[in-house]
Amino acid sequence: FYPGTAVELNRCIYNNMVDNPRDKHGNCLSPQQDAPCEDCRLTNISKVVTTHFTECQKPWWCHGHHKQDLCHQTHQEWFKVRFELEMKRKRADPSYTIMAMQPG
């Protein structure tokens with residue numbers, strides 16, 4: 001819509017997939033040749049704005065075991081937000097049945 005106004009966002013902060021930044025030969029998968037090969041698996045959860053549940057799988061599928069600590073952390077955050085949403089809905093409608101488990 002507005003040529004020349006696009007901004008590339010940091011993929012470790014926006015749409016973090018907790019994936020390996022290198023291919024099987026050790027080459028960086030970043031589309032920018034001069035960009036650092038940042039490993040999003042090491043990103044502090046407090047810096048992640050959005051996550052993409054591909055490598056970590058969907059939290060509602062309840063796999064529960066992850067090779068990456070950040071997967072566990074993003075799942076915990078998802079359950080926390082889901083529980084908070086359900087509690088708000090319950091306060092608005094006392095007849096509503098809470099479906100989410102309390103995070104813990």
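Biologist: So what share of the residues in the protein chain is buried?

Modeller: Bear in mind that this is a predicted model. Buried residues come to 18% of the 104 in the protein chain.

Biologist: And which residues of helix 1 are buried?

Modeller: In helix 1 those are L70, C71, T74, H75, F83 and E86.

Biologist: How many helices and strands are there in the chain?

Modeller: One helix and zero strands. Helix 1 covers 69–92.

Biologist: What span should helix 1 have, and how far apart are its end C-alpha atoms?

Modeller: With 24 residues at 1.5 Å a residue, helix 1 should span 34 Å, and its end C-alpha atoms are 35 Å apart, so the two agree.

Biologist: Okay, overall dimensions. What's the radius of gyration of the protein chain?

Modeller: It's 18 Å, whereas a compact globule of 104 residues would be near 13 Å. Along the principal axes, the C-alpha atoms fill a box of roughly 55 × 40 × 20 Å.

Biologist: What about contacts with a separation of 6 or more: what part comes from residues 24 or more positions apart?

Modeller: Those account for 44% of such contacts in the chain.

Biologist: Where is V49 found?

Modeller: V49 is in the segment before helix 1.

Note on methods. Residues are numbered from 1 along each chain as its sequence is written. This is a predicted model: local features need pLDDT of at least 70, side-chain atom pairs count only at pLDDT 80 or more; totals for chains, interfaces and linings use all residues. Side-chain values use heavy atoms; hydrogens and water are left out. Helices (H or I, at least four residues) and strands (E, at least two) are DSSP runs, numbered from the N terminus. The radius of gyration is taken over C-alpha atoms; the globule rule is 2.2 Å times the number of residues to the power 0.38. Buried means under 20% relative accessible area, exposed over 50%, partly exposed in between (1.4 Å probe, protein chains only). Contact means heavy atoms within 4.5 Å. The expected span of a helix is 1.5 Å times one less than its number of residues.
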